[in-house]
Amino acid sequence: MFNKKELSWILNLAVPQRRKLLFSCIYAVMSALFTLVPFVIIYHLSIHWLNGILDSSTVWKLVIYALIAVILRFVFLGLSSLLSHIAAYNLLYDIRTHLTNKLGRLPMGFFNQQQAGKLKKIVIDDVEKVEQLIAHHLPDFIVSIITPICVFVYLLTVDWRMALITLLPIPCAVFIQVKRANSGAGEDMEKYHQHLERMNGTMIEYILTMPIIKAFNLTVQSFSSYQNSVEDYTQLWKRLSRKKVPTYVLYTAFIESGLIFILPISLLFFQRGSLTIPEVLLFLMLGVGLTAPMKQLSTFSHTVQNTVLGIKKMNKILMAKELSEARADVSVIPQQYPIVFDKVSFSYGDRMILQDVTMTMKAGTVTALVGPSGAGKSTIAQLIARFWEVEKGGLFIGSISIRDIPQETLMNLISYVFQDVSMMNDTLLANICMGNQAASLEEIIQAAKIAQAHDFISALPNGYDTKIGHGGIHLSGGERQRIAIARAIVRNAPVLILDEATAYADSENESHIQAGISHLLQDKTVVIIAHRLSTITDVDNIIVLDAGRVVAQGTHDVLLQHCSLYQQMWHAYMEVDQWTLAGKA
Ligand SMILES: Nc1ncnc2c1ncn2[C@@H]1O[C@H](COP(=O)(O)OP(=O)(O)OP(=O)(O)O)[C@@H](O)[C@H]1O
């Protein structure tokens, strides 16, 4: 189960915490030993009493010792817990930083293959388990080993025969524990994780599709994958409970069976005169509880198994293939920005999407990508931003392969406006200047005016300082898009990709936005994806795609004459447009 290579990264991260963890364990042991002191004091009190030499000063002295021991027990417990928690949270911070940095370097393809729920479970829940292990179970584990050893050694000095008898429950308990471990505990744990991940994933999907469920009045039952995953998870737990509870009860019974051996045998020794009453008392107090910490060992082994499975999953994220970094010796920054696709092929998994796509989007011009739904337009736009790695062929910006452009430089070259815009939970101002922190307020307002966002922002009580997202206002789809366009204008990158960027805008707003941004487009390489063909009739070049292939390119007029697919699309669009206008009228 423990693969040192797989776990080496987390062991390395734990190294800076080792002093804190060491002292946490030492303090935990001290605390446990001070717990025993009152029992030893009772033992000595009873010896004094039996021997008739118990005076009040001795009683007071021993009571004060017991009190000090109790106080010290809690002081050391507190120190141990404080250090283990600091160490655990430092480690958690490092793990999360590692994981989030890594996630940021992974291609979109990685997220495509993972369910959101699965990733959430790893990054939130599995990481949290490390805290449980380090902050709670590790000190408890050390205590549950060291304390019984110390008690046993002490009991040996009192009566070695009885000390050995206190150990009698151990072989039985170990036997049961080994049987439990050999009955597929590892596989059970793995199944438990798989079911939990599936349930998390379907639950998130269920929540995300809630608007559709409500709109179509679908009931919970209709969301069968969620329901099935909950059902499977429940069934698994029922099965595991039936399998595990009996052996767990047996194991606990054996561990706590010390009294069954100690009581009769100590009384027998007492009858024979080889054990005194204080000694009988001592063995009943300390001997009976000697094996109880073994219960902690069982919990610890379960927690370790559980945590290691989580760490292995984190390891998979850390080992996932990143976008290759530009080689230092060839990494270059383009000076001009034409975009060239040279026989590019690309697939999502085994589904081929683009085949031998060759085209040029000239610098300082606007290129529109059109084609039926699913033709691969957005995929092309995303390949330019290197959200995915091109599999075959070459993709160049300014004659430089995008693989040779450092990732950060590439991102600085491109402004991307998506159809569905993500917003940070921050002010509108922060959201607009996200890609260019150095922008002045005037520039931001100017960009918002061009994007037709200034009016609705100014109408808000807090204007540009209005918070959006959790605890802030909610923006409509169109408003979000206008913020995203303002963001792209402020960023002022040489390559601008507009993927259905005005899809939510009404025609009036759309023409204002287009007019506004058109004068900003000079000297930029602009790629537009738009379903409303009327918005792209004036662009320099229109590339028509069908089923992942380029079928034609040219201006609107040329394509209307020579490209049958474009003609069909244009007529279909005009029909719908006329129909809409007629409907409106
Ligand atoms: N992340 C993804 N994972 C798997 N398949 C995808 C992914 N994104 C898109 N596809 C598939 O790839 C094909 C091309 O999608 P793409 O979004 O590029 O087409 P499009 O021409 O932009 O379509 P639309 O006009 O409907 O937006 C579609 O069949 C789509 O289902």
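1. Ser183 touches Asp188 and Lys243, leaving out residues up to four places away in sequence; contact means heavy atoms within 4.5 Å. Ser183 sits in the loop between α7 and α8. Helices (H or I, at least four residues) and strands (E, at least two) are DSSP runs, numbered from the N terminus. Ser183 is partly exposed, at a relative accessible area of 36%. The cut-offs: buried is under 20% relative accessible area, exposed over 50%, partly exposed in between (1.4 Å probe, protein chains only). Ser183 and Lys244 are 61 residues apart in sequence, yet their C-alpha atoms are 9.5 Å apart in space.

2. A word on the model. It is predicted: local features need pLDDT of at least 70, side-chain atom pairs count only at pLDDT 80 or more, and totals for chains, interfaces and linings use all residues. Residues are numbered from 1 along each chain as its sequence is written, and side-chain values use heavy atoms, with hydrogens and water left out.

3. The whole protein. There are 22 helices and 10 strands. Of the 585 residues, 45% are buried. Take the contacts between residues at least 6 apart in sequence: 78% of them join residues at least 24 apart.

4. Helix α7 covers residues 169–182. At 1.5 Å a residue, its 14 residues should span 20 Å, and its end C-alpha atoms are 20 Å apart, which agrees. The expected span is 1.5 Å times one less than the number of residues. After α7 comes Gly184, with a positive phi near 80°.

5. Which residues of α7 are buried? They are Pro169, Ala173, Ile176 and Arg180. Seen down the axis of α7, these fall within an arc of 65°, so they line one face of the helix. The arc is taken over directions from the helix axis to the C-beta atoms. An α-helix has 3.6 residues a turn, so residues three or four places apart point the same way. The face turned away from the buried side carries the exposed residues Pro171, Phe175, Lys179 and Asn182.

6. The buried residues of α7 pack against α6 (160–166), α8 (185–208), α10 (224–255), α11 (258–271) and α13 (294–319). Now the pair α7 and α10. Their axes come within 8 Å and cross at roughly 165°. That makes α7 roughly antiparallel to α10; angles over 145 degrees count as such, under 35 as roughly parallel, 65 to 115 as roughly perpendicular and the rest as oblique. Axes are lines fitted to C-alpha atoms, for helices over the stretch in contact, with angles from 0 to 180 degrees between N-to-C directions. On the α7 side, the contact is made by Pro169, Cys172, Ala173, Ile176, Gln177 and Arg180. On the α10 side, Thr247, Tyr248, Leu250, Tyr251, Phe254 and Ile255 make it.

7. Lys313 lies in helix α13. Is this lysine buried or exposed? Lys313 is buried, with a relative accessible area of 18%. Neighbours within four places aside, Lys313 is in contact with Ile122, Asp126, His193 and Glu197.

8. Two backbone points to check. Most residues other than glycine have a negative phi. Ser399, not a glycine, has a positive phi of about 65°. Ser399 is in the loop between β4 (392–397) and β5 (400–401) and is exposed, at 67% relative accessible area. Gln452 also has a positive phi, about 60°, and is not a glycine. Gln452 is in the loop between α17 (441–450) and α18 (454–458). At 24% relative accessibility, Gln452 is partly exposed.
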